[in-house]
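Dear colleague,

I am passing on the structure we talked about, and below it you will find what came out of going through it. Please read the notes with the model open beside you.

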Amino acid sequence: ALTAFRLAVVEASANAAITSKGCEEDQLKVRMAELQAQHARQVADLEAQHQAALRELQQHAQWMEEQRDLRLRTALELERELQQMAVQAEEQRRLSDASLAAALARDRAH
């Protein structure tokens, strides 16, 4: 009877150990799933941050290109205005020279 009792105790102890080990494995599986979910969230967050940073960089690059185009247009407009002013100054000089030549010719004629 004692041996049967001891055998029952050993068997119960072994079953408890198996059950405990099963619980530990289940807990490890749950923890692993939690860690995988946390990792997936972190990866998704990083991807979202990356996409936001890319959009911001693209917007900044577009703004810089627009600023460059604006400066180029302004420079071209200023160059055209300067050329027009140079042409007008040359015309004024020619008219002045012609007027002076005509005045000198009149003075010599008198």
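Aspartate 97 and arginine 93 stand four residues apart in helix α1, so about one helical turn separates them; a helix here is a DSSP run of H or I covering at least four residues, a strand is a run of E covering at least two, and both are numbered from the N terminus. These two residues form a salt bridge whose closest N and O atoms are 2.7 Å apart, the term meaning that a side-chain nitrogen of Lys or Arg is within 4 Å of a carboxyl oxygen of Asp or Glu. Salt bridges with shared partners join Glu90, Arg93, Arg94 and Asp97 into one network.

Before going further, please keep in mind that this is a predicted model, in which local features need pLDDT of at least 70 and side-chain atom pairs count only at pLDDT 80 or more, while totals for chains, interfaces and linings use all residues. Residues are numbered from 1 along each chain as its sequence is written, and side-chain values use heavy atoms, with hydrogens and water left out.

Arginine 93 also forms a salt bridge with glutamate 90, with 2.4 Å between the closest N and O atoms, and this pair lies three residues apart, about one turn, in helix α1, which covers residues 2-109. Glutamate 90 in turn meets arginine 94 in a salt bridge of 3.5 Å, N to O, the two being four residues apart in helix α1 and therefore separated by about one helical turn. By the same rule, the count of salt bridges comes to five.

As for accessibility, arginine 94 is exposed, with a relative accessible area of 53%, whereas arginine 93 is partly exposed at 42%. Aspartate 97, at 39%, and glutamate 90, at 28%, also count as partly exposed. The cut-offs are under 20% relative accessible area for buried and over 50% for exposed, with partly exposed in between, using a 1.4 Å probe and protein chains only.
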